[in-house]
Each structure stands twice: as structure tokens, then as C-alpha cells.
Amino acid sequence: MNNVTLKIDGKMVDYAPGQTILEAARSAGIYTIPTLCHMPLLKPTGSCRICVVEVEGWRTLVTACSTAATPGMVIQTESERVVAARKNIIELMLASGNHNCLICEANGECELQALAYRYQVPTPTFANPPDTTYYYEDNNSMIVRDFSKCIMCGRCVRICNERQVNEAIQIGYRGHHNKIVTRADSPYIDSDCVFCGQCVQACPVGALIFKEARYQGRPWELRKVRTTCPYCGVGCQLELNLKGNKIVKVMGVRAIPNEGRLCVKGRFGMGFVNHPDRLKTPLVKKNGELVEASWDEALDLVTSKFKEMKEKYGPEKMGGFSSARVTNEENYLMQKFMRAVIGTNHVDHCARLCHASTVAGLATTYGSGAMTNSIMELEDADCILVIGSNPNENHPVIGTYIKRAAKLKNKDLIVIDPRRQNLVRYARLWLRQFPGTDIAVINGMMHVIIAENLHAVDYIAERTENFEAVKETVSKYTPEYVEKISGVPAAEIIAAARLYAKAPAASIVFCMGITQHTVGTDNVKTMSNLAMLCGNVGIPHAGVNPLRGQNNVQGACDMGALPNVYSGYQAVTDPANRAKMEAAWGVAGLPDYVGMTLTQMIPAISEGGIKSLYIMGENPAMSDPDCTHAIKEMQGLEFMVVQDIFLTETAKLADVVLPACTFAEKDGTFTNTERRVARVRRAIPPIGQSKPDWQIISEISTRMGYPMNYKNAEEIFEEIRTVTPSYAGMTYERLESGGLQWPCPTIEHPGTQYLHKGQFTRGKGLFFAIEHQDPAEMPDADYPLYLTTGRLLYQYHTGTMSRKAVGLNEKAPECRVELSPTDAEAYKIASGDMVRVTSRRGAITAKAEISRKAVAGTIFIPFHFAEAAANTLTIAALDPVCKIPEFKVCAARIERA
Ligand SMILES: Nc1nc2c(c(=O)[nH]1)N[C@H]1C(S)=C(S)[C@@H](COP(=O)(O)OP(=O)(O)OC[C@H]3O[C@@H](n4cnc5c(=O)[nH]c(N)nc54)[C@H](O)[C@@H]3O)O[C@H]1N2
Ligand SMILES: Nc1nc2c(c(=O)[nH]1)N[C@H]1C(S)=C(S)[C@@H](COP(=O)(O)OP(=O)(O)OC[C@H]3O[C@@H](n4cnc5c(=O)[nH]c(N)nc54)[C@H](O)[C@@H]3O)O[C@H]1N2
Ligand code: SF4
Ligand code: SF4
Ligand code: SF4
Ligand code: FES
Ligand SMILES: [Mo]
């Protein structure tokens, strides 16, 4: 250690070169220096001066948070001069505002109040002339701004710009009138603010307030429970703040992977938990209507019907949909129940609609179908290639790392996307291809890389196989040829190729723009090709990184809620695996065939292949392609059980509806996109008569004659460990310290930050020679436009949860059809006009929104809104390998309604 020494309050202190006085003091355990404008992880500005200290031999007091420590310094943190200066600062702050602590939300956790108390500075009696007015804003339902309490510390501005990189606020009106402003000094609701609420979390006083928490409880009255976000696959660690059994606010926890950050859904999206529409009792269909029933009645019916179905048609006519929303423990039990008790491998979940192509593609090329690297590594990648992924809206906290890399660390960002999504602003290069032409674009880049000798020759020779075939195939994908297929100018393909290939560590980030195509698996294999070509797999900050969508979709796959594998991707067709599971589960004759996928089970109903479905935590009536047809199919079932937290479009079709608990009411684990297993903790008792999914499955199983007597979620996790090598080293106790990334094979293993180090999981990385192919349905004279579907920041999937949150609905209340100014003119459509969009499957009516995000010839519709369900229009064409539907391309026409 090359530490150096200084003296603080008479004590010799070692510090590391480069540390500030404040850091030196704190690392030596000296906490007498107060701070206000300082915040860990933000650049110090030295603006509030509360942290001043006296340094021997220096004329003026210096700010500890922004002054570098130097060897031999002699520092006093609480000298008379220092204390006088601090009192003065506190007095001025109190006098320049209106600090009526009695009814201030921050009372009890306000940093200014704490300092006034510590230095015994009373509230000034005549703080301000009575006519002083302060800016006050409460015209949105999420954040209140009360500048009578603002001390201009600038923490909100820095957190918004430096950490969230949302760039929504700044310090405006320099000098005497300075104030925190949005770009046009408008209210948050009319500004670029994306309501992540990070500024509120950073504010040391009561100037920024969570509106729904206002007057709900004092800080010391709130109970705090740390858990994992139930929305997207980032897996942010959050702290629920509860008054009684009501969630009043949500704070981000400073832990991996979010480091305190949240997005608007984790922050303001929890209204669903305590919502009056929650299912509170079981429902049973009588005379075509769902009516309330007791648990006994409902479970008796489910068991007798399942038994009847099994006897009458055999287990291979029964299917189960597991859920990427529920815990690992619950997914494990669902597939165990379907396999060991029902006796079928027809078990699947929404990963089929999502990353099935990723799992299939990467398992074939590398041997493991997960994100190779970790979220926080992104910030230090030399180049990030984001293709078919819109992280600013859909993985917002991952978006912050990418924006930090591009904007604050000057790394190269390449975006390949037909939509002008928000990351384009930060990109060195944006390639705008026609939808469904990604293989051509990447083949073109590989063509250039090989032609210019930029590929990793040694890496390819040592660690991969089948390179020659790819070389041969891409030889015809000259930039000019690719330009013809994709519309991307040849020069841009060359530039992107050079940027990616020359970076020492380049990371590929992809999502639904790559996976949801009839060539989804080939798209993913093409991503693996490119990464291997430049030696980017098996090293930090690089890799191939599919951003998994749902909170626990990685876990649902890991747990074997798939038709072909048990937990840990152990193939059901391997007799050794079957024998192992039979022994563990105490059963004989587990099914040996690969079951049907979700997208095969639904059309199989009308062909007589599926007679009953047990659906847990999925809403296929809205999320499936060509959903009118899917609904018709489900209506043809002989028996259908839906287990959900709300009466969804799918639940309405069921014979029995079972009320489940939300994430806030149960214990368990979720596995996030970077393979990190983290705890979910029960914060409140079940709402109504709802029960945790694992309990419901256990009770059905027991009634079916296969007792499941788990006392709690941890007991299930212990069983998972024994049969799943990649989870074997994890225990709830180990997870307490924050989470572990699989593979984690032994109790001493620290978990795996990035995969394929030294060698691919399958041995050698496998190249595939892949040709471009058109999407299943291309625009033509009748349906002249491309229709692509996806998501909005403020809504989530079929809206069952996000549409229960007041703030989210305020920002995104209804379906809008996004179209380019060019198309708007051609079809004589103005923003706000009602339009009818028609495809070969159906039609919907919604408002038009003319947007620069859309490219001419393509319209975009989010699939969140039941009253204008985008899946009425989409095509059920499937990728032949993994059976994912082509949600991202079909043909449509638009007209004023
Ligand atoms: N707010 C919010 N966040 C979510 C979700 C949500 O519903 N709402 N859902 C979660 C889930 S489950 C998932 S899977 C993820 C999905 O996250 P994303 O994949 O980021 O979301 P999408 O909006 O479906 O599409 C992503 C991008 O693909 C682009 N795209 C369309 N066609 C093509 C193409 O042919 N090629 C390329 N390269 N790009 C194309 C679109 O322009 C869009 O920018 O989000 C997760 N996070
Ligand atoms: N057009 C179009 N369609 C798409 C897509 C697209 O991009 N375009 N994307 C596809 C993708 S990537 C995905 S992942 C799918 C998602 O498709 P789905 O999984 O069907 O959609 P969700 O709305 O997430 O449904 C989850 C259900 O689980 C319930 N739920 C939440 N928590 C719990 C719980 O703890 N227990 C139980 N039992 N239930 C719970 C919710 O209320 C909800 O009904 O949609 C797909 N559909
Ligand atoms: S809510 Fe988020 S985006 Fe809006 S100003 Fe605060 S930090 Fe910035
Ligand atoms: S609003 Fe809060 S965080 Fe922002 S400058 Fe004022 S006191 Fe500081
Ligand atoms: S980024 Fe995802 S996990 Fe994090 S708060 Fe937002 S929705 Fe939740
Ligand atoms: S905390 Fe150091 S100047 Fe504000
Ligand atoms: Mo997804």
C-alpha cells in the first residue's frame, strides 16, 4: 500500500493518494464533517460549504468534500471557526426559505434539520417577508416540487445528469434568482423528465416529495423491506416503505445492479399491489359466469377435472403455462407438477414470445443461452453495439449505464434500429435498416472486418470452429449489396464495422428487435458470429448480451419451465437426467419426449392435441400473436384454470380462477438478466384470500395424490439446489449479502460475472453461415406498410399491473399509433386523429401520433392496451427452430377512422 499520512483532530490518518479530505476522514472512521451538497458517486461541487474544515497554515477554511488531501496536512473538523462558519451557513439556508418542519415530509430525515439540531440553530422567526412566494408544483401525481425548501445543493441536477443521464433538469437563472429548472422551465409533467424519481431520492430536504407518500406517514413510522423489482429483468434492488400494509413509497437500494437507481415503474408502479381490483377469492364458472367460491370448492374442482382429463385423454393432452413474473421456487414447482404429477412435458412460459431464439441460438453457438457479461460492465466497454433493443424505455437502469459510457466516458455507441429511439442521441453511429434485415447488416459488417483484416485470427483459430463457412458466406455481402437489402448506406456499414472491430472490448446488446422474427434464431447466431469474429467473448466488458425482459424470465428458464429441459437446462430426452429427476422426485416414468411450446399448444387445441390448460401468471389472450384466433382456441378447451393476481382477459375465459399473491406478499427469489439470483421478501400479508403461487400448486398437487408439504419458499430452494448444478452453491443465507450469479456450483464459489472465460461452455465456439431471408409477410399493394409492435416506458405488457398505477397512466393513458411525418402527410392524418389500422388478421382503432421516431413506411403500435390490442393485427408466423412469433414485422394499412 502506498498510503500517505495526515492528521485529523489530532489523530494520524492513513489515506490513499487522490482522496479528498472528506474521504480520508471517513475512511479513517471520522464522521464529524457534515455534508449537504456532497453525495457519494456524484462529482463534488463544493457549493454549500457546510463541510468546511480548518487546515493548519491555510488562511481560509476549505471544503473537505472537494479539496484533495495532501501529505502532512493538519486538519481540524470542529474548531471554533469551523463551527461558527457552519452555524452561519445553516442560518442563511433556513432564512432563505420557509422551513416549516411541522408539516414537512422530510421531518426526521432532513439533512438540514439534522444540522440545525446538531449546531443548535433555531428556525428564524422572521425568515422572509410575508409576501415572498416560492415556486410550488403539484400538477402531476408523482412528484411535488416545493422550492420554499430548496437549498440549491444541486444534488437533484447532478443525479439526473451524471447518474440517470436523463438530462431533464439544470441550474437556471444564474445569480440571485437561480433555481432548478427543466429545459424550458416548465413543470416536470410537460418536460423531458421521465419520472425516475431519482432527484427526489437525492434531495436532502423536503423540496422534492413523492406525492403519494405525502401525509401518509413520518419517516420513522414507515416499515422498510428490501426486495427485487417485479417489472423488468434488470432486477433493481428496492426498498418498499410501508405504512401498515400499504406501500407508500419506493427507494432504490445502493447495491448491484442498480446502485440506488430506479426507473418510473419500480418507483411509481406499485399501485397494483393494494389495488381494489385484486382477485380476493377463487372464482368458478357457473352457467357461463365466474362466481365467487371457497378454496375447497375451487381446488376440489381443479383436482377432479385434472384427474378426469388425465384419465380420459392422457397427460399428453394437458398443458401448463408457467410464468416469468413469479419466483424461481414457483416456476420450479410448476414444471415439477406438470412433469411428475400430471406426467407431461407440455410446459412453457412467455420466454417463448421473447427470448426463445436467444436461448436456442446461444446454447447452440456457445453452450449457454444467457447474457455472457454483467450489467455494470457495460459502462467500461470500449464500444457498445445496441441492436433491436430500446433500453432507455425497457431496461431504463441498464440504459443509464450505456448513456454514461457514451456521454460521460466517451465510449463508442452504435445503434442499429429502424426507430429513432432515445439512445440515438448518444450514438456515434446510427444505422437505420428496414425491419427484418439484421442478418444482412451484420454479415456486411463481418465482410468488411474480414476484408480489412480486423478479425481476431488467433482467437478464431484457438477457440472456435467452422469459421471458413462464415467467411465464404459473408464474402458476397459487400456493403453495396447490403445497402440494397437493408437500406443502410454502404459507408455506414463500413464505419460501424471498423468501430466495432477496433475496440479492445466491444459489447453487443440486443433484445426483441433481434429475437421476435421468423429468423430469430439465425439473428442471434449472427450476433454470436460477430462477437467471436473479434474475440469479444470470454473477456470483461464485452460479450453478447441479450437483455432478458421480465423480472424472472431468466429464472423461469433456469428452473426448467420449458418443454425440453429440467432445471439447469438438463435435457428431458437424456435418460440419465430422467433417472436423476425420478429419484429426486420419487416418481417413475417421467415423460421422455420434448413437449409442445406455448405457441404450439394454443393452435393444437382445435386440432384436439390439447384439452386442458393450467395457466399461471400469463395473459395470452393479449400477449399472443393474432390474439383473436388465440382466444377462439382457448374457448375450445375442455378445462382451463387461470391463476393470476387480476381478472385478466385470459382469466375471463377460464373455468376456475385462482387468486395469487403478488411479489410483495411472498418470499422467494428472482434471477435477473445478468444471471443474478436475488431475494424477494414478503412485505405484507396476502390480500384477501389470495395465496402464494407455490402454495396453490402444492395444494393442488397434494389433492392429486402427490403430497407437496413445503413449509416455506426456502425449502423449495433447497430442493432446487440439489438437482440444479448451476444453483448448487446458493443458499438464502448467502443471498442475504446481495445476490449470486450462476454458475455457482459449490458453497464456496463466488458466482460467475462473465461466461466462457478461457473456453466456451460447449468447448469451441461454433460459427454458423447464415443468409438473409425476408420476413414472413412483407408490405404489398393491399397492406402497404410495415407494422412493428413493442413497448412504452410507462406501460408494461398487457397492462394488468402498470395500468393500475396512477402516475403511469397519467404519462401513457392510451394507445397511440406512431407514424412518420411522411406517412402522415400521405394519408392525411394529423396527430390526435382517430385512425383504423388493418392487417390480414383484424383491425383496431386508436389515436395517431406523428413522431420523428418512426421511419417512413413503418408504423409502430405498443401492445399494452386491451381496447386497441396490437395483437389483433400481428401474425402468428413462427421461427422454425424455437417457435417464436414474428411480432416485429407484418403488413398493415392505415386510414382515418
Ligand atoms: N416499459 C416497459 N419495459 C419493459 C417491458 C414493457 O412492456 N414495458 N417488457 C419487458 C420485456 S418482457 C421485454 S422482452 C423487454 C423488451 O425490450 P425491447 O426489445 O427493448 O422492446 P421493444 O419495444 O419490443 O423493441 C425493441 C426495439 O426493436 C426495434 N426493432 C423493431 N424491428 C426491428 C428489426 O427488425 N431489427 C432491429 N434491429 N430492431 C428492430 C424497435 O424499433 C425497438 O426500438 O422489455 C422489458 N421491459
Ligand atoms: N405484439 C406484441 N406482442 C408481444 C410482444 C411484442 O413485442 N409485441 N412481446 C412478447 C413478450 S417479449 C412477452 S415477455 C410477452 C408477455 O406476455 P405475458 O406474460 O402474457 O404478459 P404479462 O402482461 O406480463 O402477463 C403476466 C401476467 O402475470 C400476472 N402476475 C403478475 N404477478 C403475478 C404473480 O405473482 N402470480 C401470478 N399468478 N400472476 C402474476 C399479471 O397480472 C399478468 O396477467 O408478450 C409478448 N407479446
Ligand atoms: S424524475 Fe428523474 S428524469 Fe425527472 S428530473 Fe428527477 S432525476 Fe431527472
Ligand atoms: S431540490 Fe433538493 S436536491 Fe435539488 S437543489 Fe433543491 S434542495 Fe438540492
Ligand atoms: S429498470 Fe426494471 S427492474 Fe429497475 S426499476 Fe425499472 S422496471 Fe424495475
Ligand atoms: S458538502 Fe462539501 S461543499 Fe457541500
Ligand atoms: Mo419479453
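**Briefing**

The ends of residues 81-120 are 16 Å apart, taken between C-alpha atoms, and the span is 57% helix and 0% strand. Helices (H or I, at least four residues) and strands (E, at least two) are DSSP runs, numbered from the N terminus. The model is predicted: local features need pLDDT of at least 70 and side-chain atom pairs pLDDT 80 or more, while totals for chains, interfaces and linings use all residues. Residues are numbered from 1 along each chain as its sequence is written, chains are lettered from A and ligands numbered from 1 in written order, and side-chain values use heavy atoms, without hydrogens and water.

**Annotation**
- An unreviewed UniProt entry lists residues 81-120 as "domain: 4Fe-4S His(Cys)3-ligated-type"; such annotations may be inferred rather than shown by experiment, and positions follow the numbering used here, with feature names shortened.

**Sheet**
- An open sheet of 5 strands has the order S2-S1-S5-S3-S4, with mixed pairing; two strands pair if DSSP finds at least two bridges between them.
- Strands S2 (11-15) and S4 (62-63) are at the edges with a single partner strand each, so one side of each has no neighbour in the sheet.
- Strands S3 (52-55) and S5 (74-76) pair in the antiparallel sense over 2 bridges.
- Glu 54 has Gln 76 in S5 as its bridge partner.

**Ligand 5**
- The residues surrounding ligand 5 (a heavy atom within 4 Å) include Cys 229, Cys 232, Cys 236 and Cys 263.
- Helices H6 (264-268) and H11 (396-408) each give two or more residues to this shell.
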